[in-house]
Amino acid sequence: MLERLQPANSHTEHLFIGTDRYKYFTLSWDHQSHQLRTEQTYHDQADKTSRDSQSQDKCLIDPSRRFVALQLYDGIVTVIPIHQHQSKKKSVLEPGTLGEPVSARVSELFIRSLAFLHSDTHSIENPQLALLYENNHQKTCLVIRALDYTPGVHGESGDADLDKVIETFEDLEVGASHIIPVSAPTCGFLVLGETSITYYWQDLIHPEPLEAASIFVAWAEIDSQHWILADDYGKLYLVMLVRSGWDVRCQLDIIGQTPRASCLVYIGGGLVYVGSHQGDSSVIKIQDDAIEIVQTFANIAPILDFTIMDMGNRAGEGQTNEYSSGQARIVTGSGAFQDGSLRSVRSGVGMEEQGQLLQASHINDMFALRSSRTSNLVDLLLVSFVDETRIFKFQTDGDVEEQAEFKGLVMSNGTLLAENVIKQHLLQVTSDSARLVDIEDEMIEEWSPSPNQSITAASSNGERLGLSVAGVEVVVLSMSSDAKMDLVVKKTFPDEGQISCIHVPSIASDICIVGFWQSTAVAILGIDTLEIIQKVIISDDAVSVPRSILLTQAIQNELPTLFVAIANGEVVTFSFNTVDSSLSSRKATVLGTQQANFKALPAGEGIFSVFATCEHPSLIYGSEGRLVYSAVTAEKATCVCPFDCEPYPEAIAIATPEDLKIALVDTEQTTHVTTLPVGESVRRLAYSTNLKSFGIGTVRRMLQDGFELVKSHFKLVDEVVFKGLDTFDLNDNELVESVIRADLRDGSGETVERFVVGTAYLEDQVSGKARGRILVLEVTHDRMLQLVTELPVKGACRALGVVDGNIVAALVKTVVVYTLQEDSLHKAATYRTSTAPIDIAVKGNLIAIADLMKSVSVLEYIRGEEGFNDRLQETARHFQTAWGTAVAHVADETILESDAEGNLMVLHRNISGVTAEDRRRLEVTSEIQLGEMVNRIRSFEVPTSKNAAVVPKAFLGTVDGSIYLFGLITPAYRDLLMRLQANIAEMVRSPGNVPFNSYRAYRNTVREAEEPFRFVDGELVERFLECSESMQEEMCKGLVSDTPGKGFDLEGIRGIVEGLRRLH
């Protein structure tokens, strides 16, 4: 519930918010702190003896701004007075303050719509409330009641009643759904029906028939004579009320088509916000008999089903990096009917390709250069290969020309380093020499190592050039404005071993940083003496060799950060003190199994992001005082460099094993959504990696001769271009219920890949005993669908799975295992459930069943031996009542279940119980109120590092369009995170001051808990990073150990929470 109101004592509007737990509060915006401020709260307006309203809860503001009316229960209107200015009496409450709520009973129960009516007089009279309702005879009626409110005295609550009936109207149109109050001077109200719009005012009743029947779902007032309406099919209408004396006429015009609107808000200036629950929301501008879409807001609700394309290992290689959701590709079936679509969702740093420069492989590195001393932007791209260098020059119009030679640069060898130095000079370092070229007169100064030696690494800060010669010697050269290079110092390090990498930072021009092979150390050296100032051992492990080093300013107003990439795929960071070159705050993050190579990308105001190229390319950037590691959508990047040129400002050059491209990269992590409009509800979907395609079950809604018809299909869709390949039509009045991709035994011992579809017939259209079908489809070599077999079943096939190469189907009241033999299905085993199975999850030979009312039961599939039949045997059950919606295995003997009331439960089977009854009982080990109904849970397995605090286990897709990540906390961190959550909940204030424990406490119709049980809300815990250091210290009281090497220190807890943030 959300409504705006303007108190008399406020310069800004307030928001009145109601929650499904009957907590109500008002919020205002604090311009100084840029935060929401809670003005008033009303806790627990719940009436346990009343029935929840059968329609959506409503909030109304009286036109005279004296009352707020809430419809929460059938037969009850809750009235909240708004305190008014009183000139003669002094009051404790300021004008505009909301008073205490009181209840007023009405005899109308099934209320469809209600509205305060406008008055045509300026006198203060009792507000009039119009109620559109359905009586006990299923007839639509309307009544107008007067609200009589008596203020309380001596601090007591007032009294409100709606007993006075002003007028009644009976036998309205059956499909009447909304009351629209008409403001002064016209006054009266409109009633929206399916076939007409009727204007009421005193004795005047004027119906206006519609040209075509429609179902109106939302409206918004433009002015006293114009309204905008939205119907169930996505059409927008403009209604104009024309009144001449007693003659009133309604004019209705269709002005456009949008996704089905859930709400309409008139912003002003002809702009309307169209909020849609089942499609993209948008801001539109009303024009002459048309609309213009000004802005669109992506929305993936409701998620009817989803599948995980991959977890960052498309090619099937093992993934041993620390998991980040940016590596996961999730495809959802979103929207409904004409707004239905497939949505590819990925969280990460986006990259937008601007063009392909060339097709080439084995690109080692790239460097951006300026061709003249007067240019502020780069216009040259030097591309280094194994045995050659190529240079491309960009014109201002975007044309590109490859240069056969340029200013005496070496083209016949690979380039280790190239950059503009000292204004008019170009520096190029190859394995043979370091060359300094004057851009204007092309004078060349060259330094070469001793014969039979080569340069293996190079780095420069513009004035000093650091070289690694033969991997054993560091050489420092100075570069002067007269194109001279002079030897400053050279030195070997016999105690440290060979040199693995070198970095001469610009941010600290008096040092040089070197990594060593044998000692796995990183040493900070004086640039002019090469004496060791600071040394740190990266790891005792011999394979943990530093391979890439970068020192840059990544976080604003903080110390510079030293990044060290290790050969085993880890990235170690330190805070670097520029005064004494000391290192602190060491942190390690696993990006993959291979070393990362760093390139600094300018982010503005002297801040840089770091692009790390490895098998999982990542962008590392500063946000809210911390480093954020985010996956980049550039899957195969081998090297990058910033390329801010005139035709492609703020671009980067990015090389892959196949080509070289120019692209724009986002500065931070966002959610990227790619949409394939389907125009039908994507009710179910499955993904085949081998076929590189999706199988989707859709439901299409059509209007034919004024009747609504539905038609279902099964479609094959290509994964790359999201293009439909083939369609299999289901029978009339048959709806798709479930879809899976399955590897099935075909009876001959071979395993074949098939799509399996479960259907249901509409109950009132069924003849005979068949209530659904199970279809087995194959995809031919030309990517077409072909029916292998079908089987009529006596109940709707709600869910499907695969156990031991056989199909397991959840029918109404039964679970059945079918075998595929000679292209036909044969029943192998059955099990009768408590009420009706809703979802199933299979792990090995165990089948978890989410029941409509009786929570979860676990079956074991046992193959028949020695002539005995296969059988399904119940091994465990949860004996509490829960209206299950989805279920998944998340660990051995551990199950995650969601219910229809927005709860999550983790159930565990105690296989080591003393008695058989103990061993077959599923115990609740964790529970929480999610607040959204989950439609689908997809579990997955990803390897994580041994020190991970949370192991990701499943994604959850909800009706409200949210995708949640569920993980299991490792034992060493459980107590810490739960106690940290409790401390944060006490100190962090939420809008409306809603207590965290009651907000997340388990609740259903049977029982209501006081707090979440052994569940950690990651969103709350991550707010720890947003708090000041003093508040963080307060939150960590009792958690931080004062003994070095034992427990967790404050920085360690920050690192743990940062790790949680990286998960998404």
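R863 is partly exposed, at a relative accessible area of 40%; here buried means under 20% relative accessible area, exposed over 50%, and partly exposed in between (1.4 Å probe, protein chains only). The model is predicted: local features need pLDDT of at least 70, side-chain atom pairs count only at pLDDT 80 or more, and totals for chains, interfaces and linings use all residues. Residues are numbered from 1 along each chain as its sequence is written, and side-chain values use heavy atoms, with hydrogens and water left out.

The side chain of R863 meets that of D804 in a salt bridge, at 2.5 Å from N to O. A salt bridge is a side-chain nitrogen of Lys or Arg within 4 Å of a carboxyl oxygen of Asp or Glu. D804 lies in the loop between β65 (799-803) and β66 (806-811) and R863 in the loop between β71 (856-862) and β72, so the pair ties together parts that are 59 residues apart in sequence. Helices (H or I, at least four residues) and strands (E, at least two) are DSSP runs, numbered from the N terminus. D804 is partly exposed, with 31% relative accessibility.

## Other salt bridges

By this rule the count of salt bridges comes to 51. One of them joins E778 and R754, whose closest N and O atoms are 3.7 Å apart. This pair links distant parts of the chain, with E778 in strand β63 (residues 772-779) and R754 in strand β62 (residues 751-761), 24 residues apart. E778 counts as partly exposed at 22% relative accessibility, while R754 counts as buried at 14%.

D62 and R66 form another salt bridge, with 3.9 Å between the closest N and O atoms. D62 is buried, at a relative accessible area of 3%, and R66 also counts as buried, at 17%.

## The nonpolar cores

The largest nonpolar core has 28 residues, and those with the most contacts inside it are L427, V429, W447, L465 and L467. Such a core is a set of buried Ala, Val, Leu, Ile, Met, Phe, Trp, Tyr and Cys residues joined through side-chain atoms within 4.5 Å. Among the elements that give two or more residues to this core are β29 (365-369), β34 (425-430), β38 (464-469) and β39 (473-479). Apart from it lies another core, of 26 residues, including V988, V1016, C1036 and L1063. In soluble globular proteins, nonpolar side chains tend to be buried together.

What does L465 touch, not counting residues up to four places away in sequence? Its contacts (heavy atoms within 4.5 Å) include L417, L427, V429, A434 and V475.

## The region at 354-663

The UniProt record, an unreviewed entry, places the feature "domain: RSE1/DDB1/CPSF1 second beta-propeller" at residues 354-663. Positions from that record are given in the numbering used here, feature names are shortened, and annotations may be inferred rather than shown by experiment. Over residues 354-663 the chain is 0% helix and 54% strand, and the end C-alpha atoms are 5 Å apart.

## A nonpolar surface patch

L852, M853 and W883 form a nonpolar patch on the surface, with about 230 Å² of accessible area together. Patches are made of residues with over 30% relative accessible area and no salt bridge, like charges being joined within 9 Å and nonpolar side chains (Val, Leu, Ile, Met, Phe, Trp, Tyr) within 5 Å. Accessible areas come from the Shrake-Rupley method with a 1.4 Å probe; for residues, only the protein chains shown count as cover. W883 sits in the loop between β72 (871-877) and β73 (884-891) and is partly exposed, with a relative accessible area of 36%.

## Backbone details in loops

A cis peptide bond joins A184 and P185, with omega about 5 degrees; P185 lies in the loop between β13 (178-181) and β14 (189-192). A cis peptide bond also joins A301 and P302, where omega is about -15 degrees. P302 is placed in the loop between β24 (290-297) and β25 (303-310).

L530, a residue other than glycine, has a positive phi near 60 degrees. It is found in the loop between β43 (521-526) and β44 (532-537) and counts as buried, at 0% relative accessibility. E605 is not a glycine and has a positive phi of about 60 degrees. E605 lies in the loop between β49 (597-604) and β50 (607-613) and is exposed, with a relative accessible area of 70%.
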